[in-house]
Amino acid sequence: MVELVPTLLRQELSRLAEDDLRLDGRGQWEGRELTLETDCLYNAEGSAKVVMGDTIVYAGVKFELRTPWPDRPAQGSLMCGAELRPVAHRKYEPGPPSPQSIELGRVVDRGIRESGCIDMESLCIVPGEKVWGVMIDIHVLSDGGNIFDACGLAAIAALRTAVVPAERFDVGEDYTLKVKGTPIMASFTRVGGRYVYDPSEEEELGGDERIHITLGDEGHLHSLQKGLRGVFTPAEFAEIFGVAHLRCVELRKLVAIQEGN
Amino acid sequence: MGGYGDVRLLREDGLRLDGRKLDEMRPMTIEAGVLPAADGSAMVTHGLNVAVAAVYGPMEAHPRKIQRQDRAVIDVRYNMAPFSTSDRIRPGFNRRSREISKVTAEALESVVLCERYPRSKIRVEIEILAAEAGTRCAGLTAAAVALADAGIPMRDLIVGVASGKVEGIVVLDLDKAEDNYGQADLPVGILPNTGEIAFLQMDGDLSPDEYNLAMEYNFKAAAEIHEIMVDALKRRYEGGEN
């Protein structure tokens, strides 16, 4: 599809930025309304739905028995993948996974994996022979901007509700997967020359580079990614890092509240 | 179909394992306009099935070779999410989803006034989020509501509905166990206003009489489902939204 150069949109966004305004009236660091639902998909061992403005994302967790990697005989495995299917936006075309969806899946994967919230050894059943493979599949149904944060949140929320289907695989009783920690992603896009949190679809279209920050429970960094064309200064990073920290604490509380229900 | 004669699917009292009567369908809900990014969309829950359809277009048809000079083509993709079934499905198309996509597209082309949009394409994306037998019908129903939600002119809606046979008895709307261990499945797409059929598949073993009864059940259920579809579209547009 021909993408029209959104020159007018860029001009409008720059004009708004001068007065510290955004297209939808939000403040620079203000997120859109967000809802999180868990345990919403039959057949998935853990699931979550995230709605953020016009963005809708589902994540589902499945388990399979597999033989461990030869160099890690007592560890299970974790895999997180995202699909940007044509259902999500007219700009997505059918075909093999695009570089975009691979980047998305891998950034979410790193945030969860590197936070250490899953103890890989706890996924071992018989060392060298049989371990659990945990697979998180993220399905974007509607791309209304900032799918990275929506995917990250859906993935960890789904994982935290997952029940290991041991009975179905004849290896003991079902049990809740042990997940210590809730890594949360916060994303920023440069719009009209300055960064904003939680960009909308239009802000992404008329914006520049983006930065994704995933923080663990202790506020430590677990995944960073800069995407698209553009550069930033250390001072700019310091500012958004502070915002990310506050936002991650809020979202972590939201996940905890959802689990309490 | 079949092959497991020792699995009981009907109870002593003649009801089915989940307590339904022979001609009773699983509960269904439909919501139109669920996906903000799409031009039209719908979500159908039917029993434990969850199907979502998005419509994009009419838009330029490409590659050029798919263009028709006199009408629009409908490009359907039926896809099961990796987590939609008991065992994870590897992402990507397989023979089953390609076939379902093809016959669903042809059914929808039978009701959409394609000649209004020469050389264009209407994309219909069907995503199955949870599967418990009957996903192609739920997907077809969702697609029809999504097309209407997108404001695309159609002769009629299409209702996806199926009947089948378990333990030699014709029943409406097979669930997972009945689908796995039953003897026949007859999914159809019915035009509720004209009574015509735009989608037809079947596998298993049905006598002519059983076929007629299964179709009778299908038509009766189609009228019920049609009401739910119309209601979903009314709710979407009566509230003053859009």
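Reply: Happy to. Keep in mind that this is a predicted model. Let's start in chain B, with B:A133, which lies in the loop between strand 5 and helix 2 (135-149) of chain B.

Me: What makes B:A133 count as buried or exposed?

Reply: B:A133 has 24 C-beta neighbours inside 10 Å. The cut-off for buried is 20 or more, so B:A133 counts as buried. Its backbone deserves a look too: phi of B:A133 is near 70 degrees, a positive value in a residue other than glycine.

Me: Which class does B:R119 fall into, and why?

Reply: B:R119 has 16 other C-beta atoms within 10 Å. Buried needs 20 or more and exposed needs 12 or fewer, so B:R119 is partly exposed. You will find B:R119 in the loop between helix 1 (95-109) and strand 5 of chain B. B:R119 also has a positive phi, about 60 degrees, although it is not a glycine.

Me: What is the peptide bond from B:H62 to B:P63 called, and what is its omega?

Reply: That bond is cis, with omega near 0 degrees. B:P63 sits in the loop between strand 3 and strand 4 of chain B. Another cis peptide bond joins B:G57 and B:P58, where omega is about 5 degrees. B:P58 belongs to strand 3 of chain B.

Me: Which strands of chain B supply residues to the side that touches chain A?

Reply: The contact takes 27 residues from chain B and 27 residues from chain A. On the chain B side, strand 3 (49-60), strand 4 (73-80) and strand 5 (120-130) each supply at least two residues. By class, that side of chain B has 17 nonpolar, four polar and six charged residues.

Me: Which residues meet where helix 2 of chain A packs on helix 3 of chain A?

Reply: From helix 2 of chain A come A:L104, A:V107, A:V108, A:G111 and A:I112, and they meet residues of helix 3 of chain A including A:F148, A:C151 and A:L159. The residues of this contact divide into 10 nonpolar, two polar and no charged.

Me: How do you know that the span of helix 5 of chain A agrees with its number of residues?

Reply: Helix 5 (residues 234-260) of chain A has 27 residues, which at 1.5 Å a residue should span 39 Å. Its end C-alpha atoms are 39 Å apart, so the two agree. Within helix 5 of chain A, A:I240, A:A244, A:R247, A:C248 and A:L251 are buried. The buried residues of this helix pack against helix 3, strand 9 (184-191), strand 10 (194-197) and strand 11 (210-215) of chain A.

Me: And what makes A:G31 partly exposed?

Reply: A:G31 has 17 other C-beta atoms within 10 Å. Since 20 or more means buried and 12 or fewer means exposed, A:G31 is partly exposed. A:G31 is placed in the loop between helix 1 (7-18) and strand 1 (34-38) of chain A. Not counting residues up to four places away in sequence, A:G31 touches A:Y197, A:D198 and A:R247.

Methods:
Residues numbered from 1 in each chain as written. Chains lettered and ligands numbered in written order. Predicted model: local features only at pLDDT ≥ 70, side-chain atom pairs only at ≥ 80, totals over all residues. Contact = placed C-beta atoms within 7 Å. Helix = DSSP H or I, 4+ residues; strand = E, 2+ residues; numbered from the N terminus. Nonpolar A, V, L, I, M, F, W, Y, C, P; charged D, E, K, R; others polar. Expected span 1.5 Å × (residues − 1).
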